Amino acid sequence: MIEDFASDLRVARRKSGLTQADCAHLMGKSAPKICQLETGKRSPSLRDICALSLIYGRSFESLFGAIFGTIRQELAENIATLRDPGPKWPGGFNRTNTLDRIAREILENDLRDKQQGHGTL
C-alpha cells in the first residue's frame, strides 16, 4: 500500500517537473524527508497529504486509493456485524440512513471498479 503511494508520488513529482528539493521547499521539509516519502520509508502525515495534493493537483483518493479500498472492505465487514442499539435509541432513523448510505457507496464503488477492470481491493 505505501509502496504504491511512494511510486505514485515519484511519478507525480517527475511529471510536474519539480525536483525533490523543490517539493521539500514548497512543503517546508528537507529533501531527505521527500526522498523517504518517495521510497516508502516514511508514511506521510495528513499535512503532507494535503500539501502534496495541492502541489500535484491530485485528489486525496487518487493518492490513497489502496487505503480507501482497504477501509471500504473493513467498513463492509464491520457493518455486517454492527450491533443494534435497541428500539429506545433516539437516532435510529438517522443511524439506519447513514449505514444504508455507507453500504450503498461501498457497493457502487465495487461495481465501478469491476466495470473498469480493477476488481476489488
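Modeller: The answer below starts with confidence, goes on to one helix and its neighbours, and ends with the charged pairs.

This is a predicted model in which local features need pLDDT of at least 70, side-chain atom pairs count only at pLDDT 80 or more, and totals for chains, interfaces and linings use all residues. Residues are numbered from 1 along each chain as its sequence is written, and side-chain values use heavy atoms, with hydrogens and water left out.

The average pLDDT (the predictor's confidence in each residue, from 0 to 100) is 87 for the protein, and 93% of the residues score at least 70. Helix 2 has the highest confidence, at a mean of 96, whereas helix 5 (residues 60-63) has the lowest, at 66. Where pLDDT is low, the predicted coordinates should not be read in detail.

The part to examine is helix 3, which spans residues 31-39. Helices here are DSSP runs of H or I with at least four residues, while strands are E runs of at least two, and both are numbered from the N terminus. Which residues of helix 3 are buried? They are I34, L37 and E38, where buried means under 20% relative accessible area, exposed over 50%, and partly exposed in between (1.4 Å probe, protein chains only). These three lie on the same side of helix 3 because they cover an arc of only 95° around the axis, the arc being that of the directions from the helix axis to the C-beta atoms. Among the elements that cover them are helix 1 (2-16), helix 2 (20-27) and helix 4 (46-56), contact being heavy atoms within 4.5 Å. After helix 3 comes G40, with a positive phi near 80°.

E38 is the residue of helix 3 to look at in detail. Its relative accessible area is 1%, so E38 is buried. The side chain of E38 makes a polar contact of 2.4 Å with that of R13. A polar contact is a pair of N or O atoms within 3.5 Å; within protein, one must be able to donate a hydrogen and the other to accept it, and residues adjacent in sequence count only if both atoms are side-chain atoms. Leaving aside residues up to four places away in sequence, E38 touches A6, L9, R10, R13 and Q20.

F5 belongs to helix 1. Its relative accessibility is 2%, so F5 counts as buried.

Helix 2, one of the elements over helix 3, has its own buried residues: C23, A24 and M27. These share one side of helix 2 because their arc around the axis is only 100°. H25 and L26, on the other side of helix 2, are exposed. The cover over the buried residues of helix 2 includes helix 1, helix 3 and helix 4.

Next, the charged pairs. The structure holds 4 salt bridges, each a side-chain nitrogen of Lys or Arg within 4 Å of a carboxyl oxygen of Asp or Glu. One of them pairs D48 with K29, with the closest N and O atoms 3.2 Å apart. D48 is in helix 4 and K29 in the loop between helix 2 and helix 3; the two are 19 residues apart, and the pair links distant parts of the chain. D48 is buried because its relative accessible area is 1%, whereas K29, at 28%, counts as partly exposed. D48 also forms a salt bridge with R42, where the closest N and O atoms are 3.5 Å apart.

R101 and E105 meet in another salt bridge, at 3.4 Å from N to O. Both lie in helix 7, 4 residues apart, which is about one turn of the helix. R101 has a relative accessible area of 35% and is partly exposed; E105, at 40%, is also partly exposed. As for shared partners, salt bridges join K29, R42 and D48 into one network.
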